[in-house]
Amino acid sequence: MHLLRLTEPIGDFHERPIRPDLAEAEAWVLEPGRPALVLGSSQKPEQVDLRAAAASGVEVVRRRSGGGAVWVPTSGCLWVDVVVPRHDPRWDDDVRASTWWLGEAWAEALREVGLDAELYRDGLEKTDWGRLVCFGALGPGEVLVDGRKAVGISQRRTREGARFQCIVYAAWEPDAVLDLLELPDADRDRASRELATLATGIGDQALRELEPVILRRLGVTQP
């Protein structure tokens, strides 16, 4: 698997296509230059408090994979996209099962840095906040630490292959994303309380150790 480290604007990053001539799988490590709120492909712009985003210097972009909104700070998270062409042996026509190998790689990496991680293999979880916030529900192939979601994975499939978008945080702070969304105060307060119990960060030390471990687990060829 080939490695790309990308520092381009996050909007450009999410517009990157899966190349039709891709010879081998790739891992794209994003190093964001400014904070961003990344909406899922089916989310509406009116769900975002654009004034709050502008006042905080937060870029609002849309990804082509599904799921809820994702908060991307400039530090304290690890964002890795894994791009698999259809001719790769890891390709799977089963949309749910296609994420399991990737989730297991993340789970093994998290165990290696000392965390109690497990793979979620069931279908998309239905919760009050899952359609709004990515870390508000579990999807196939995602990873839990101590029973709470720690690795979010979304997927986009094309004729050329699949792009899996993965993020893990040092600290899970639901208000960071909720403060950028248009919500009634009562819903915001309830979401803040409930989301705090559904997901978790892995801590600064584990996050620092995680990147080389997950790249090795993915079979990345380091330059």
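I began with E15, which counts as partly exposed at 40% relative accessibility. A caution for anyone reading along: this is a predicted model.

**Entry: the partner of E15.** I found the E15 side chain in a salt bridge with R64, at 2.6 Å from N to O. R64 sits in the loop between β4 (59-62) and β5 (70-72) and E15 in helix α1 (residues 10-15), so this pair ties together parts that are 49 residues apart in sequence. R64 also comes out as partly exposed, at 40% relative accessibility.

**Entry: other salt bridges.** I wanted to know how many salt bridges the structure holds. The count is 15. One of them joins E31 and R5, whose closest N and O atoms are 3.8 Å apart. Here E31 belongs to the loop between β2 (26-30) and β3 (36-39) and R5 to strand β1 (residues 2-6), so the bridge ties together parts that are 26 residues apart in sequence. I noted both as partly exposed: E31 has a relative accessible area of 36%, and R5 has 41%.

Next I checked D128, which bridges to R190 with the closest N and O atoms 3.1 Å apart. D128 is in the loop between β7 (117-119) and β8, and R190 is in helix α5, so parts 62 residues apart in sequence are tied together. D128 is exposed at 56% relative accessibility, whereas R190 is partly exposed at 28%. I also wrote down a network of salt bridges that links E108, E112, R216 and R217.

Entry: I found a negative surface patch made by E173, D175, D179, D185 and D189. Of these I looked up D179, which lies in the loop between α4 (174-178) and α5 (185-198) and is partly exposed, at 44% relative accessibility.

**Entry: cysteines.** How many disulfides does the count come to? I got 0.

**Last entry: D146.** I placed D146 in the loop between β8 (143-145) and β9 (148-157). Is D146 buried or exposed? At 58% relative accessibility, D146 counts as exposed. Its C-alpha atom is 31 Å from that of D93, which is 53 residues away along the chain.

Notes
Residues numbered from 1 in each chain as written. Predicted model: local features only at pLDDT ≥ 70, side-chain atom pairs only at ≥ 80, totals over all residues. Heavy atoms only, no water. Patch = residues over 30% accessible without salt bridge, like charges linked within 9 Å, V, L, I, M, F, W, Y side chains within 5 Å. Areas by Shrake-Rupley, 256 points an atom, 1.4 Å probe, with all protein chains shown as cover. Salt bridge = Lys/Arg side-chain N within 4 Å of Asp/Glu carboxyl O. Lys, Arg positive; Asp, Glu negative; His and termini not counted. Charge placed at Lys NZ, Arg CZ, Asp CG, Glu CD. Helix = DSSP H or I, 4+ residues; strand = E, 2+ residues; numbered from the N terminus. Buried < 20%, exposed > 50% of the residue type's maximum accessible area, 1.4 Å probe, protein only. Disulfide = S-S within 2.5 Å.
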